[in-house]
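Biologist: I have a model open and want to go through it with you. Can we start with how you count things?

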Amino acid sequence: MKINKINEIERLHLKADDLKDVTKQVLIGADDGSDNIIMRLFTVRPGGYTPYHQHDFEHVVKIERGEGIAIDKYGEHSVKEGMVLFVKPGEIHQFKNQSDSEFAFICIIPADNN
């Protein structure tokens with residue numbers, strides 16, 4: 001069994017033209033011996049957003065902290081702590097934080113898609 005402490009895991013500040021004020025932490029991954037999945041924690045500061053993008057793999061998302069907006073081809077959906085989402089392969093999606101506090105979510109993906 002591998003046990004990690006989230007507050008001891010490096011927080012990477014993501015930089016790209018299509019995102020703003022987003023950090024990523026790899027909670028469980030290949031370095032921990034995981035051959036099949038990667039668990040990541042994304043934190044979005046107020047006014048921040050992830051890219052409007054899609055993947056060729058499915059993944060699950062659990063809202064950990066705060067409130068945000070999940071966007072798909074059907075529009076905007078309010079999401080908050082305690083909610084879970086399933087994103088199908090090829091489904092375009094994005095997360096935005098329009099609140100005054102941090103918005104954080106866990107995303108679990110297949111290991112070969114980091």
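Predicted model: local features only at pLDDT ≥ 70, side-chain atom pairs only at ≥ 80, totals over all residues.

Biologist: Take Glu-91, then. Which backbone nitrogen does the side chain of Glu-91 reach?

Modeller: That of Lys-88, at 3.0 Å.

Biologist: And where is Glu-91 placed?

Modeller: Glu-91 belongs to the loop between β7 and β8. Its relative accessibility is 23%, so it counts as partly exposed, since buried means under 20%.

Biologist: What is Glu-91 in contact with, leaving aside neighbours within four places in sequence?

Modeller: His-53, Gln-54, Asp-72 and Phe-86.

Biologist: What reaches the backbone oxygen of Glu-91?

Modeller: The side chain of His-93 does, at 2.8 Å. His-93 sits in the loop between β7 (84-87) and β8 (94-96).

Biologist: Is His-93 buried or exposed?

Modeller: Buried, because its relative accessible area is 5%.

Biologist: Which side chain makes a polar contact with that of His-93?

Modeller: The side chain of His-59, at 3.4 Å. Beyond the neighbours within four places, the contacts of His-93 also include His-53, His-55, Pro-51 and Tyr-52, and there are Gln-54, Ile-71 and Val-87 as well.

Biologist: How far apart are the C-alpha atoms of His-93 and Lys-73?

Modeller: They are separated by 7.4 Å, and the two residues are 20 apart along the chain.

Biologist: Let me step back. What is the secondary structure of the protein?

Modeller: Nine strands and zero helices. Read from the N terminus, the order is β-β-β-β-β-β-β-β-β.

Biologist: Why does the radius of gyration agree with a compact globule?

Modeller: Because a compact globule of 114 residues would come near 13 Å, and the protein has 14 Å. The C-alpha trace spans about 40 × 30 × 30 Å along its principal axes.

Biologist: How much of the protein counts as buried?

Modeller: 35% of the 114 residues. The accessible surface comes to about 7,200 Å², and carbon and sulfur atoms hold 48% of that.

Biologist: What about contacts between residues at least 6 apart in sequence?

Modeller: Of those, 62% join residues at least 24 apart.

Biologist: And how many positive and negative side chains?

Modeller: There are 14 positive and 19 negative, and the centres of the two sets lie 3 Å apart.

Biologist: Back to residues. Where is Thr-50?

Modeller: In the loop between β3 (37-49) and β4 (59-65). Thr-50 has 5% relative accessibility, so it counts as buried.

Biologist: Which backbone nitrogen lies 2.9 Å from a polar atom of the Thr-50 side chain?

Modeller: The one of Phe-95. Phe-95 is also among the residues that Thr-50 touches, together with Gln-94, Phe-105, Val-44, Asp-18, Leu-19 and Val-22, once those up to four places away are set aside.

Biologist: Next, Phe-103. Buried or exposed?

Modeller: Buried, since its relative accessibility is 0%. Phe-103 belongs to strand β9 (residues 103-110).

Biologist: What does Phe-103 touch?

Modeller: Not counting residues up to four places away, its contacts include Phe-42, Thr-43 and Val-44, then Ile-63, Val-79 and Phe-95. The run from Arg-65 through Gly-66 and Glu-67 to Gly-68 is touched too. From Phe-103 to Tyr-49 the C-alpha distance is 9.9 Å, across 54 residues of sequence.

Biologist: And Leu-41? Which strand is it in?

Modeller: Strand β3. Leu-41 is buried because its relative accessibility is 6%. Among the residues it touches are Ile-6, Thr-23, Leu-27, Glu-64 and Ile-106. The C-alpha atoms of Leu-41 and Arg-11 are separated by 9.1 Å, with the residues 30 apart along the chain.

Biologist: Where does Asp-21 sit, and how accessible is it?

Modeller: Asp-21 is in strand β2 (residues 20-28). At 35% relative accessibility it counts as partly exposed.

Methods
Residues numbered from 1 in each chain as written. Heavy atoms only, no water. Helix = DSSP H or I, 4+ residues; strand = E, 2+ residues; numbered from the N terminus. Rg over C-alpha atoms; globule rule 2.2 N^0.38 Å. Buried < 20%, exposed > 50% of the residue type's maximum accessible area, 1.4 Å probe, protein only. Contact = heavy atoms within 4.5 Å. Areas by Shrake-Rupley, 256 points an atom, 1.4 Å probe, with all protein chains shown as cover. Lys, Arg positive; Asp, Glu negative; His and termini not counted. Charge placed at Lys NZ, Arg CZ, Asp CG, Glu CD. Polar contact = N/O pair within 3.5 Å; in protein donor to acceptor, adjacent residues only side chain to side chain.
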